[in-house]
Amino acid sequence: MRPLDPRLLRYAGATRGLLAGAAGVGLAGTAATIGYAVVLAGLVAHVVRGGSAATMTGGVVALLVIVVARAAIAWYAEYFPRRTAVRMTSQIRRALLTRVTTEDRAAMVDRSPARLINLATTGVAGLETYAARYLPQLVLATMVPLGIVVYLGFQDVESAIVIAVTIPLIPMFMALVGWHTQKTAHRQYRLLDVLAHRFTDVVTGLTTLKAFGRSRAQAELIRRTDAEHKSATMKTLRIAFLSALVLELLATLSVALVAVSIGLRLVSGSLDLHTGLTVLLVAPEAYLALRAVGTHFHASVDGLTAAEAIFAILDQPVCHSGHAAVPSRWTTITLRDIAVQYAGARAPVRLPDFTCRAGDTTLLAGPSGVGKSTALNLIAGVLQSTSGEVLIDATPLDLLERAAWSAQTGYVAQSPYIPAGTVADNIRMLSSGSAERVDHALYVAGLAEFVMQLPRGADTMLREGAPEWSQGQRQRLAIARAVAARPQLLLLDEATSALDHRTEYLVLQRIRQEFAGRTIVIAGHRDATRDVADQVIDLGAVARV
Ligand SMILES: Nc1ncnc2c1ncn2[C@@H]1O[C@H](COP(=O)(O)OP(=O)(O)OP(=O)(O)O)[C@@H](O)[C@H]1O
């Protein structure tokens, strides 16, 4: 866990302003602290030497001005980082949401909804403490001690040496504690992740769990994970409290060393009272800034751990997008020398070379796991291959404007997402369309008769995921949605797998008629898909590297 992850600067521009502001506050604060100590020590030394009250007016006024300035700096040091932290976290949250909602599938690889929700909410919120407290303090901790040691170097070299020697002990100790904390913080975060997963899984599968009488056992499992998470949190807090105590002790002993040396020299007369008092007042400030970093670091460990997980998503390679216009008419899509390395997979998925002709219905067949969905995702432009290329005629897809290509492409998955809304809203999700267009799309998808029988027809409300519909009906709704959008290229990823053979054949035939002159690529292995295909490419049968 690095004290300052450079990716923060890359993904959240507000961080730069925060660091610059904190540096400014640090400089002003150090100057004010030293000024305060010098004036106060001067006044005390004046009184001790029996100086008159009348000659102290200038000093008292200067002290008041410095006190007001310090209050203003303290206000700014509180207000500015809080404001920037909100901007910074909102930048990171936006980057994360943009990546997972509008960009390629690589970002979604191995990312469950529970984990994403956890990261975008609690995770990003944890970064607020990191930005508002820890980062500004980190800047102060590098500037204040340095400034004080340099100043004291001119006033009292001996004290400056004692501080310069003892001060590195604090970051050294903090690093040791940090290594230990990292392990416990990762465990705590992992357990929170497991808890979120288990909870989502149980809520999603509650009906099945009830049917098999396993709901109580799952509740017990969640209770156990919750207890483990609680114990991991307490362990992290224990380390935080203990380390604060030890840092405090270290700083107090170091100041005591400075004080003893000053006391001895004051007694022997080798140091004047003004300088001695100034050093005594300034020295603790050098340690205070560093100690505060330790405290804030522990408070922001959650946020830092979440940031690492967020950056792992943001760092995934994005699908390339060129600037070349997508041709209005193309004749072939060719996949050549393709290999895709999925995150976490041992070996890349390699695909044989093949070509889909425009205007044809091409079936990508082959055993489960051979790479049919991978091929469709590559053609759709939502997955970036590690090597090889997807060619539209002779132009690599990477050189074309990806958004324009997506606008030409319709994609229907095996388990489509159905948001809450009416049947018609769902069909119009990708395109605005008249009632006639909606009815026609329902007809093509073989769903018109069923929808007509519903009490409110196409205006019937569906809950999210349409649990009141069968899987086959949900698949046909997604097909109707793609048909209504009228893409040039339709990609069906086992989109009719839940239909009986007769209905599947009927729906596929109607899709073919509807898309006459346009291109369809189907991933599947069922007979009906073979029956409608102009060409079948068996990804498993072709020799692969
Ligand atoms: N997100 C992923 N992370 C890791 N490996 C993956 C991921 N997606 C696919 N794979 C792997 O890539 C290979 C091809 O998967 P793909 O889904 O393309 O196959 P498929 O032919 O469509 O399978 P099916 O017919 O079962 O849908 C499989 O071995 C699979 O395990």
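This is a chat between two colleagues about the predicted model shown above.

Colleague: What am I looking at, experiment or prediction?
Modeller: This is a predicted model.

Colleague: How many helices and strands does the protein have?
Modeller: The secondary structure comes to 17 helices and 12 strands.

Colleague: And what share of the residues is buried?
Modeller: Buried residues make up 38% of the 545 in the protein.

Colleague: What about contacts between residues 24 or more positions apart?
Modeller: They account for 81% of the contacts with a separation of 6 or more.

Colleague: Let's do the sheet. What is the strand order?
Modeller: It reads β7-β10-β11-β4-β12. The sheet is open, has five strands, and the pairing is parallel.

Colleague: Which strands stand at the edges?
Modeller: β7 (409-412) and β12 do. Each has a single partner strand, so one side of each has no neighbour in the sheet.

Colleague: How much are neighbouring strands turned against each other?
Modeller: On average 15°, with direction ignored.

Colleague: Which helix packs on the sheet, touching β7 and β10?
Modeller: That is α15, residues 471-485. The direction of α15 makes about 175° with that of β7.

Colleague: Back to β4. Is that strand buried or exposed?
Modeller: Buried. Five of the five residues of β4 (361-365) are buried, so the strand is largely enclosed by the rest of the structure.

Colleague: Which way do the side chains point?
Modeller: Thr361, Leu363 and Ala365 point one way from β4. Thr362 and Leu364 point the other way.

Colleague: How does β4 pair with β11?
Modeller: β4 and β11 (residues 519-523) pair in the parallel sense, over four bridges. Leu363 stands opposite Ile522 in β11.

Colleague: And how many bridges join β4 to β12?
Modeller: Four, and β4 runs parallel to β12 (residues 535-538). Here Thr362 has Gln535 as its bridge partner.

Colleague: Helix packing next. What describes a packed pair?
Modeller: Two packed helices are described by the angle between their axes and the distance between the axes.

Colleague: So what are the values for α15 and α16?
Modeller: The angle is about 5°, and the axes are 12 Å apart. An angle under 35 degrees counts as roughly parallel, so α15 and α16 are roughly parallel to each other.

Colleague: Which residues meet there?
Modeller: From α15, Arg476, Ile479 and Val483. They meet Val507, Ile511 and Glu514 in α16. The contact divides into four nonpolar, no polar and two charged residues.

Colleague: New topic: helix α2. What span should its 35 residues have?
Modeller: At 1.5 Å a residue, α2 (residues 14-48) should span 51 Å. The end C-alpha atoms are 50 Å apart, which agrees.

Colleague: What happens just after α2?
Modeller: Gly50 takes a positive phi of about 80° there.

Colleague: Which residues other than glycine have a positive phi?
Modeller: Asp393 is one of them, with phi near 55°. Glu494 has a positive phi of about 45°. Most residues other than glycine have a negative phi.

Colleague: Where is Asp393, and is it buried or exposed?
Modeller: Asp393 sits in the loop between β5 (387-392) and β6 (395-396). With 12 other C-beta atoms within 10 Å, Asp393 is exposed. The cut-off for exposed is 12 or fewer.

Colleague: What does Gln488 touch?
Modeller: Gln408, Arg518 and Thr519, not counting residues up to four places away in sequence. Gln488 and Ala407 are 81 residues apart in sequence, yet 8.9 Å apart in space, C-alpha to C-alpha.

Colleague: Last one. Where is Ala309?
Modeller: In helix α9, residues 273-314. Ala309 is partly exposed, with 17 other C-beta atoms within 10 Å.

Colleague: And which residues does Ala309 touch?
Modeller: Leu119 and Gly123, leaving out residues up to four places away in sequence. Ala309 and Leu116 are 193 residues apart in sequence, and their C-alpha atoms are 9.7 Å apart.

Notes. Residues numbered from 1 in each chain as written. Predicted model: local features only at pLDDT ≥ 70, side-chain atom pairs only at ≥ 80, totals over all residues. Helix = DSSP H or I, 4+ residues; strand = E, 2+ residues; numbered from the N terminus. Expected span 1.5 Å × (residues − 1). Buried ≥ 20, exposed ≤ 12 C-beta atoms within 10 Å, placed from the backbone. Pairing = 2+ DSSP bridges. Contact = placed C-beta atoms within 7 Å. Axes fitted to C-alpha atoms, helices over the stretch in contact; angles between N-to-C directions. Parallel < 35°, antiparallel > 145°, perpendicular 65-115°, else oblique. Nonpolar A, V, L, I, M, F, W, Y, C, P; charged D, E, K, R; others polar.
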